[in-house]
Amino acid sequence: MPRRLFPGQLGRLFAIVCATRVVFPAPPTMAAAGPSVFLLMVSGQVESAQFPEYDDLYCKYCFVYGHDWAPTAGLEEGISQITSKSRDVRQALVWNFPIDVTFKSTNPFGWPQIVLSVYGPDVFGNDVVRGYGAVHVPFSPGRHKRTIPMFVPESTSKLQKFTSWFMGRRPEYTDPKVVAQGEGREVTRVRSQGFVTLLFNVVTKDMRKLGYDTGPSDMQGVLGPSLPQGLTQ
């Protein structure tokens with residue numbers, strides 16, 4: 001037969017239960033996961049060009065990269081203003097056209113390249129290509145300057161060359177991105193023509209954590225190039 005509790009005993013039992021401190025075990029803490037991708041931040045400008053034979057030119061740029069790469073911010077392509085030659089001895093075509101894009105990837109294969117295409121009018125006023133060129137984005141963080149030699153496709157015969165000149169349809173690539181690829185380039189006849197100068201500011205993030213060493217510091221592009229020991233800025 002169950003024992004009967006009186007009101008005074010019930011009060012004491014309730015007080016004992018309330019005074020008992022129940023400690024629950026803390027949930028297990030999860031270790032912080034490492035980064036799965038690294039970032040490549042590229043800024044700078046298409047600074048100027050040297051085309052002694054031509055004037056009133058403009059420039060287009062686009063980026064070519066591998067399947068594991070993806071843009072996360074900025075612009076992958078752009079078109080500059082038309083510029084005329086400077087009046088000094090250099091006769092430079094100055095654009096100072098900005099570049100600003102950020103990529104993410106899991107491995108360096110397919111490192112981005114920038115492809116340039118320069119256009120201008122011919123004697124009949126038609127827009128024709130004046131040069132193609134491509135260069136890889138610099139691998140190490142910091143400030144870099146690159147001068148790209150440009151080239152144009154050539155007609156395979158004098159008759160085709162005269163016809164293309166007369167009709168205003170010079171040989172050109174339907175997709176400028178083929179300049180950054182090797183397929184079919186061995187059968188293309190080209191001629192060197194002009195130079196374009198670019199400025200790059202490169203910053204990488206988390207590459208060292210994924211096992212890739214591109215320089216003394218993973219944030220060197222922010223701090224600037226390192227100086228020799230004993231020198232200060």
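Mentor: Contact means heavy atoms within 4.5 Å. The model is predicted: local features need pLDDT of at least 70, side-chain atom pairs count only at pLDDT 80 or more, and totals for chains, interfaces and linings use all residues. Residues are numbered from 1 along each chain as its sequence is written, and side-chain values use heavy atoms, with hydrogens and water left out.

Trainee: Which residues is glutamine 113 in contact with, leaving aside its neighbours within four places in sequence?

Mentor: They are Cys62, Phe63, Val64, Ala134, Val135, His136, Val137 and Ala180.

Trainee: Why is glutamine 113 called buried?

Mentor: Buried means under 20% relative accessible area (exposed is over 50%, partly exposed in between; 1.4 Å probe, protein chains only). Glutamine 113 has a relative accessible area of 15%, so it is buried. In the chain, 35% of the 233 residues are buried.

Trainee: What makes the approach of glutamine 113 to alanine 180 a polar contact?

Mentor: A polar contact is a pair of N or O atoms within 3.5 Å; within protein, one must be able to donate a hydrogen and the other to accept it, and residues adjacent in sequence count only if both atoms are side-chain atoms. A polar atom of the glutamine 113 side chain lies 3.2 Å from the backbone oxygen of alanine 180.

Trainee: How do you know that strand 1 and strand 9 pair?

Mentor: Strands (E, at least two residues) are DSSP runs, numbered from the N terminus, and two of them pair if DSSP finds at least two bridges between them. Strand 1 (residues 38-50) and strand 9 (residues 190-205) have 11 bridges in the antiparallel sense, so they pair. Within this pairing, glutamine 45 stands opposite leucine 199.

How values were computed. Helix = DSSP H or I, 4+ residues; strand = E, 2+ residues; numbered from the N terminus.
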